[in-house]
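Welcome, and please open the structure in your viewer. We will take a short walk through it, one selection at a time.

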Amino acid sequence: MQPARRQPVVDMAMSGQGFVPAEALARTRALDRLRLGDAVFRQLTRAAAIGVLLLLSGVIISLIDGSLPALRTFGFGFLVSERWNPVTDNYGALPAIYGTVVTSFIAMLIAVPVGLMIAFFLTELCPQWLRRPIGIAIELLAGIPSIIYGIWGLFIFAPFLQATLQPFLINTLGNVPGIGALFAGPPYGIGILTSGLILAIMVLPFVTSITRDVFEAVPSVLKEAAYGLGCTRWEVVRNVVLPYTRVGVIGAVMLALGRALGETMAVTFVIGNAHRISASILAPGTTISATIANEFTEAVGDLYTSALISLGLILFVITFIVLAIARYMLMRIERRIG
Amino acid sequence: MPDKILASRYSGRRRNNAVATVLAFAATALGLGWLVLILGALLWKGFSGLSVAVFTEMTPPPGSTGGLLNPIVGSLILTTLAVLIGTPIGILAGTYMAEYGRYDRLSSVVRFINDILLSAPSIVVGLFIYEVMVAPLGHFSGYAGGVALAVIVIPVVVRTTEDMLTLVPNSLREAATSIGLPRSLAITHICYRAARAGMVTGVLLAVARISGETAPLLFTSLNNQFWSTNLNAPVSSLPVVIFQFALSPYKDWQSLAWTGALIITLAVLALSISARALIPSGRQS
């Protein structure tokens, strides 16, 4: 859009001095050009909007296309097989799916309560002038690229856990019958637990910022009424705010879960990339995204590549479902709050 | 009810409140603590390696000194390419959703899909571009990397453009129409101008998002140890070099990785803070 060139056309079209035939003709032409430009621009924006849809269908189609060889070879067994052997070209997705689910579960177990408590702090306890700076600081955590979490996790966090938390868990919970198997084995530093903890830090800002937003959207009349009855701050949050925003909080949790499931770089650094399912969460494992990131460029042979793309397809389907639920929940609360 | 029971119930409620308050303070301290810990580690580990050589020399072979010039330039090129491709598409799509079809079916579907693309795993985007660009052409290329990043830029720009255009008051549009301005010109000259700050914010946030993205680049633009601005060949990028160097056993590679990580983080933080500064307070998306 160049105003300098367009302006005379607009002037001409609006001047209305169309009594002289030549001028009337020029005016009609100018109007036609504007009409054409209008239609072109409209169609252009429409095409771009449809392009976004095509983008998603393109992702799905290309992933399905790429994973066909592997799915044809292994069939449904791909999902439940524990083998992963590039030498014999035999692949199964179960260890990667297991690692993805367990690391994300650990992450949510920590991030959801902590995130909710921060939202409680920001909406009810924090002095007004501090709210924005703290909120921004927490959101900056979300802006830090995942590779930074990865390098930090590998060189600082994992050795720290190896020296402190992991021996502690092995010596205490590791001896408890029943759950002891979860904390068995030597402290590697890296592994499922470490990845889960890093993921927890990474998704914390998502939980916090969305729950804070829905907490803030609770009508103050409701809260004031509860305070007026003599409720403590905690009781207001627990009995008024949380029930009112339940759908939004679930949406936030699902959104964070979607992030955790698909997170690649941070996990790739600290997961250990071992294709096996261990009972212990201190042992190294792998996730779908870490497997792809680690092995894709080195994958020789069509079947190997195709098996990795199949993993990508599985990941995409899982995250798509989780994110769709998240969006649906958040849309519901938005409609309710208006 | 006897007073004693009432009193004990009351003190129980106060105790719960106190416990919750302490937990809330602790959670916030924990959240802020991680930020400080991560930034502190980055400064501590990365700052010592920061020198002029980092910005003027190529990535070294193991065991010798060097810098990060080629990955820095590569990252700048890829980011520029991604913004050039992604921004127009994103703005146009956002415009359709806010201006032409705010309430129609297409918009609500696109809105839903776009929100999913916004948080879709970026490694899947890498696989997608590998399938449609790298595999058919038979080689890794900077173009593929740029397009992969553009796929991540588009949803961010679509979202902010739509949000910001929706905030433009309708009276502005009506005024423009009443003086006979065609719809397209009203949008480009009036609405865009009113929403400019927010739209720029969207692009800045998108740049912040992609400047640290590693996963989509791993198998699209790959990496290049040498100076190369040929976009039809593999191009080096800062995140991929950090990935490679950090996981290597060589001390000087690892320290360069830390320095690179510091550079990226500072750039990303600067971008996201300036993006925030552009939006008036209390209206952040």
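This is a predicted model: local features need pLDDT of at least 70, side-chain atom pairs count only at pLDDT 80 or more; totals for chains, interfaces and linings use all residues.

Start where chain B meets chain A: there are 8 residue pairs in polar contact between them, both residues at pLDDT 80 or more. A polar contact here is a pair of N or O atoms within 3.5 Å; within protein, one must be able to donate a hydrogen and the other to accept it, and residues adjacent in sequence count only if both atoms are side-chain atoms. Now select helix α1 (residues 3-46) of chain B, which supplies the largest share of the side that touches chain A, 20 residues.

Residues are numbered from 1 along each chain as its sequence is written, chains are lettered from A and ligands numbered from 1 in the order in which they are written, and side-chain values use heavy atoms, with hydrogens and water left out.

Next, pick B:R13 and A:E235. They form a salt bridge (a side-chain nitrogen of Lys or Arg within 4 Å of a carboxyl oxygen of Asp or Glu), with their closest N and O atoms 2.7 Å apart. The count of salt bridges between the two chains is 3.

Finally, move to B:S221, in the loop between α10 (215-218) and α11 (238-246) of chain B.

Notes:
Helices (H or I, at least four residues) and strands (E, at least two) are DSSP runs, numbered from the N terminus.
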